[in-house]
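Dear colleague,

I am handing over the structure below, and my notes on it follow. Please keep it open beside you as you read.

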Amino acid sequence: MTDSRFLTHLSATLAEIDAAGLMKRERQIATAQGAHVQIAGRAMLNLCANNYLGLADDPRLIAAAGAAMESHGFGMASVRFICGTQDLHRQLEQRIAAFLGMEDSILFAACFDANGGLFEPLLGEEDAIVSDSLNHASIIDGIRLCKARRYRFQNGDMSDLETQVKAARDGGARFVMIATDGVFSMDGYLADLREIRCIADAYDCLTMVDDCHATGFMGPKGRGTPAHAGVRVDILTGTLGKALGGALGGYIAGPQPVIDLLRQRARPYLFSNALPPAVVGAALVALDIVETADGLRADLFRNAAHWRAGLAAAGFSLLPGEHPIVPVMIGDAPKAQAFARALDARGVMVSAFFHPVVPHGRARIRTQMNAKLSLQDLDFALEAFAAAGRETGVL
Ligand SMILES: *Cc1c(COP(=O)(O)O)cnc(C)c1O
């Protein structure tokens, strides 16, 4: 029987979360993911999906998923190494590697697993990892699972990075790996990969970049932040769950021995099921679409520029940048929640972000652009933002 004191304790924690205005509540979408969705019978404009290229309901991906299910079945019922590898899995791994200009890649059930499984097999206690302070939770967890010494540098602070790399070298580390997000998803800031490359070269470090919020739309042909910055990185991780159709799945791409060793040792790879054929088949088509999607990328960045300019003209406080993540800074969490509710009432779906995903007092509405939003959609949303902003005291 469950200890009732235990459940009472959990209920008290939940009450604290709620009282602090930090409770996250999920809205149920009754349609496919897209720029326009239905929630509780109402048409809503969606400004908070990671659906940057609008591929989540693309008929070509739906058809490819169906065809892969017809030819390769529904599920794998196995991890990859026992009997869970189909020709499709290897095709996708090689396709991802070719797209990113890497030797090979390895699939995971999610990028959370890719980052969680990356560090421990590659680095040991003789080694060091130097990690940006705002790296994604999955990188932080992956580093925790690894025995390498840990150094942290302030977000985007290249002089602190150099200080920490020096400290790692002075500490006698055998291999040093610098780990960073390509794009910091709460702020929409890009990592300074050129400077990171320079420091890595000066101190003989490896570089690892998590490009979840970039692959498919940043850089030439959507090859991500390294291509955008014009630099080479050693290891790239990414997701199929954002711009590349938005289903699920993650990967690590890099040099052949890195991928080969991860296939032997990465725990989320060894002990978790293979991706289903539908997802793999559709991802192959998503990459074909992405490589020829200059038009979608142009629409996405046109939308981002229009949206930023409109919000700034209305008097909202924004963070500077060019990425399709456009955070509207509010400050305290209850106010951000009230603002999100006022937008909801006006038919605009956004999400308030507050502690613990951003620091206390830095609550915000993170808006995200999508290639399939029209300028009329954005102007409708700008009017709603202005009205909701006045109503809730944000403006
Ligand atoms: C979304 C995200 C992940 C997790 O990706 P999943 O495939 O959804 O597990 C990892 N890292 C970053 C930077 C992300 O934005």
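**Helix packing and the ligand site**

Helix H13 passes helix H15 in a right-handed crossing, meaning that the near helix is turned clockwise from the far one by less than a right angle. This is a predicted model, in which local features need pLDDT of at least 70 and side-chain atom pairs count only at pLDDT 80 or more, whereas totals for chains, interfaces and linings use all residues. Residues are numbered from 1 along each chain as its sequence is written, and side-chain values use heavy atoms, with hydrogens and water left out.

The axes of H13 (residues 294–314) and H15 (residues 375–392) come within 10 Å and cross at roughly 25°, which makes H13 roughly parallel to H15 (angles under 35 degrees count as such). The contact (heavy atoms within 4.5 Å) includes Arg302 and Trp307 of H13 and Leu378 and Phe385 of H15.

Helix H5 (residues 111–122) and helix H10 (residues 256–265) pack with their axes 10 Å apart, at an angle of about 100°, and they are therefore roughly perpendicular to each other (65 to 115 degrees). Among the residues that make this contact are Leu118 of H5 and Leu261 of H10.

A backbone N or O atom of cysteine 111 lies 2.8 Å from an oxygen atom of the ligand, while an N or O atom in the side chain of aspartate 210 is 2.5 Å from a nitrogen atom of the ligand.

Best wishes

Definitions and conventions:
Axes fitted to C-alpha atoms, helices over the stretch in contact; angles between N-to-C directions. Helix = DSSP H or I, 4+ residues; strand = E, 2+ residues; numbered from the N terminus. Parallel < 35°, antiparallel > 145°, perpendicular 65-115°, else oblique. Polar contact = N/O pair within 3.5 Å; in protein donor to acceptor, adjacent residues only side chain to side chain.
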